[in-house]
Amino acid sequence: MESLSLRTDESIDEVVERYADMVYRLACAQTGRRDSADDVFQEVFLRLVRRNPTFASEEHRKAWLLRVTLNCCKKLGASAWRRHVVPVERLPEHGQADDFEALALRDALARLPEKDRAALHLFYGEGLTAREIGAITGEKEASVRSRLSRARAQLRKEWEGGA
């Protein structure tokens, strides 16, 4: 089995190009803010360059990047600065019902616990299985399935107006 690292396998530019969208989508989903997602994105790839870990496979590299992204989001959310920042919401223009639905869904997702948002994003946004999510988050596969089920039920309840 050949191991992967930045110095022997490919350049950082190639790795960033391959995984940029995945990392940024997860950061946006977890933080709910583009400026915070930008900070997380930079931190994730900075850690990759500084630590230059060796990976057993592409799947291992992908899992490492997802785990580091989740950790960076969690660290950012716990920072004193972040606790005092109030997000500015953009209200849709008159007649833009789709924007209201998108805002409602984003707000419902934001009210979910962080671990539930992460599980939903990794499952639906990145196409990972419950087993793969469990390996990344350190949870059992059954726990991930339960988390996904509860999160979907909560979203359904809020969407139907019964929150």
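This report describes the fold, helix packing, aromatic pairs and selected residues of a predicted model.

## Basis of the model

Local features are reported only at pLDDT of at least 70 and side-chain atom pairs only at pLDDT 80 or more, whereas totals for chains, interfaces and linings use all residues. Residues are numbered from 1 along each chain as its sequence is written, and side-chain values rest on heavy atoms, with hydrogens and water left out.

## Overall architecture

The chain contains eight helices and zero strands, and its pattern along the sequence is α-α-α-α-α-α-α-α. Helices (H or I, at least four residues) and strands (E, at least two) are DSSP runs, numbered from the N terminus.

The chain has 163 residues, of which 35% count as buried. Buried denotes under 20% relative accessible area, exposed over 50%, and partly exposed the range in between, with a 1.4 Å probe and protein chains only. The accessible surface amounts to about 10,400 Å², and carbon and sulfur atoms account for 52% of that surface. These areas come from the Shrake-Rupley method with a 1.4 Å probe; for residues, only the protein chains shown count as cover.

Of the contacts between residues at least 6 apart in sequence, 68% join residues at least 24 apart. A contact requires heavy atoms within 4.5 Å.

## Packing of helix 1 against helix 6

Two packed helices are described by the angle between their axes and the distance between the axes. Helix 1 (residues 12–31) packs with helix 6 (residues 114–125) at an angle of about 145 degrees, and the axes are 9 Å apart. Axes are lines fitted to C-alpha atoms, for helices over the stretch in contact, and angles run from 0 to 180 degrees between N-to-C directions. The crossing of helix 1 and helix 6 is right-handed. A crossing is right-handed if the near helix is turned clockwise from the far one by less than a right angle, and left-handed if anticlockwise.

Helix 1 contributes Arg25, Leu26, Ala29 and Gln30, which meet Glu114, Arg117, Ala118, His121, Leu122 and Gly125 of helix 6. By class, this contact comprises four nonpolar, three polar and three charged residues. Ala, Val, Leu, Ile, Met, Phe, Trp, Tyr, Cys and Pro count as nonpolar, Asp, Glu, Lys and Arg as charged, and the others, Gly among them, as polar.

## Two residues of helix 6

Histidine 121 belongs to helix 6 and is buried, with a relative accessible area of 12%. Beyond its neighbours within four places in sequence, histidine 121 contacts Arg25, Leu26, Ala29 and Glu126. Histidine 121 and alanine 29 are 92 residues apart in sequence, yet their C-alpha atoms are 6.9 Å apart in space.

Aspartate 116 is also located in helix 6. Its relative accessible area is 8%, so aspartate 116 counts as buried. With neighbours within four places in sequence set aside, aspartate 116 is in contact with Arg147 and Ala151.

## Aromatic pairs

The structure holds four aromatic pairs. In one of them, phenylalanine 55 and tryptophan 64 are edge-to-face, at 5.7 Å centre to centre and with 65 degrees between the planes. Rings of Phe, Tyr and Trp (its six-membered ring) pair if their centres lie within 6.5 Å; planes under 30 degrees apart count as stacked, over 60 as edge-to-face and the rest as tilted. Both phenylalanine 55 and tryptophan 64 are buried.

Tyr24, Phe41 and Phe45 together form one aromatic cluster.

## Further residues

Asparagine 52 is situated in the loop between helix 2 (34–51) and helix 3 (58–78). Its phi is near 40 degrees, a positive value in a residue other than glycine. Asparagine 52 is buried, with a relative accessible area of 14%. Threonine 69, in helix 3, is buried at 0% relative accessibility. Apart from residues up to four places away in sequence, threonine 69 touches Val23, Leu26, Ala27, Val40 and Val44.

Leucine 105 lies in helix 5 (residues 97–111) and is partly exposed, with a relative accessible area of 39%. Leucine 105 and tryptophan 159 are separated by 54 residues in sequence and by 7.6 Å in space, C-alpha to C-alpha. Alanine 135, in helix 7 (residues 130–137), is exposed at 65% relative accessibility. The C-alpha atoms of alanine 135 and alanine 63 are 8.1 Å apart in space, with the two residues 72 apart in sequence.
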